[in-house]
Amino acid sequence: MTRVAAVDCGTNSIRLLVADADPRTGELVDLDRRMTIVRLGQGVDRTGRLAPEALQRTFAACREYAGIIKEHGAERLRFVATSASRDAENRDEFVRGVLDILGVEPEVISGDQEAEFSFTGATKELAGADHLPRPYLVVDIGGGSTEFVVGDDHVRAARSVDVGCVRMTERHLVRDGAVSDPPAEEQLAAMRADIEAALDLAEETVPLREARTLVGLAGSVTTVSAIAQELPEYDSAAIHHSRVSQDRVREITEWLLRSTHAERAAVPSMHPGRVDVIGAGALVLLTIMERIGAEEVVVSEHDILDGIAWSVA
């Protein structure tokens with residue numbers, strides 16, 4: 001086995017996986033998997049720049065992760081940065097900070113590369129699941145972008161579009177510097193229209209409706225699953241490979257979008273950093289399910305982070 005470390009720095013969160021990987025058996029054994037909400041993409045859609053306070057939050061998490069990586073003695077490390085740092089004018093400042101702390105340069109990958117990693121991470125262990133018909137549509141709903149990947153054993157088509165829970169919240173649900181609580185109908189209509197337009201764009205290159213199994217990744221999807229199961233706390237084991245029907249996703253989405261901040265924060269499985277953006281993320285998921293006619297979504301805790309780990313194994 002090879003001991004590897006993978007860091008996925010997205011728009012809303014930064015995540016670490018330290019694992020022992022055996023390419024011969026396809027086994028990836030977690031030693032440490034954790035996530036920190038840093039909101040790196042704070043304001044990027046509006047300003048085009050990474051905010052100083054967002055960079056400081058991200059660098060603090062990197063320092064914590066550096067200690068964990070050293071403690072476990074990982075032989076190889078790969079740091080991948082996604083949507084927010086792709087879009088920012090001052091991304092060089094971000095690159096220098098990560099290099100100083102972790103000793104590796106973050107790879108600001110393309111949306112297509114992001115899709116490849118997400119597909120590998122989500123489907124590698126589904127290979128023997130005969131009850132899940134192929135092709136898969138893997139949907140990774142991030143903070144700034146959503147990746148759509150259709151494939152069987154390998155990727156057939158992929159597309160990244162600029163629709164994510166943070167971007168949609170900041171673009172449509174913020175008024176006078178605060179998230180509307182709850183939003184007005186015209187705000188919701190504008191957000192749904194934006195998501196529908198992004199799906200139109202994705203369908204230009206990805207045959208979304210050919211998919212037989214929808215696999216959903218990332219925090220918006222896993223949180224919807226946790227709410228659907230009424231979990232007393234966030235439980236990765238209960239969430240991984242759970243299934244949520246379209247009707248249940250709709251019910252949860254409608255509640256999230258008409259609830260107050262306090263009501264959402266009171267959900268025991270809700271990460272504090274998702275309270276204000278989960279409604280937008282759930283609406284992205286619901287709109288996708290309605291578009292392709294998916295009766296359910298298979299929820300995966302394994303995603304781009306696992307794909308990054310496999311890429312260095």
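Which helices and strands each supply at least two residues of the lining of the largest pocket? They are β2 (13-22), β3 (27-37), β6 (136-141), α8 (219-228) and α13 (304-312). Helices here are DSSP runs of H or I with at least four residues, strands are runs of E with at least two, and both are numbered from the N terminus.

Before I continue, this is a predicted model, in which local features need pLDDT of at least 70 and side-chain atom pairs count only at pLDDT 80 or more, while totals for chains, interfaces and linings use all residues. Residues are numbered from 1 along each chain as its sequence is written, and side-chain values use heavy atoms, with hydrogens and water left out.

The pocket first. Its volume is about 640 Å³. On a 1 Å grid over the protein atoms alone, a pocket is an open set of points with protein on both sides within 12 Å along at least five of seven lines, a cavity is a set where a 1.4 Å probe fits but cannot get out, and lining residues have an atom within 4 Å of a point. A volume is the space filled by probe spheres set on the points, which are joined across faces, edges and corners.

The largest pocket has 36 lining residues, and nearest its centre lie S13, R15, M35, G219 and R274. Helix α8 gives the most to this lining, with four residues. By class, the lining has 18 polar, ten charged and eight nonpolar residues. Nonpolar means Ala, Val, Leu, Ile, Met, Phe, Trp, Tyr, Cys and Pro; charged means Asp, Glu, Lys and Arg; the others, Gly among them, are polar.

I turn now to the cavities. The whole structure holds two cavities of 30 Å³ or more. Two or more lining residues come from each of α10 (246-258) and α12, and α12 provides the largest share, three residues. This lining comprises eight nonpolar, three polar and two charged residues.

The second largest cavity has a volume of about 70 Å³. Of its twelve lining residues, T11, G41, V44, D45 and R167 lie nearest the centre. At least two residues each are supplied by α1 (44-47), α3 (83-87) and α6 (165-173). The lining divides into five polar, four charged and three nonpolar residues.
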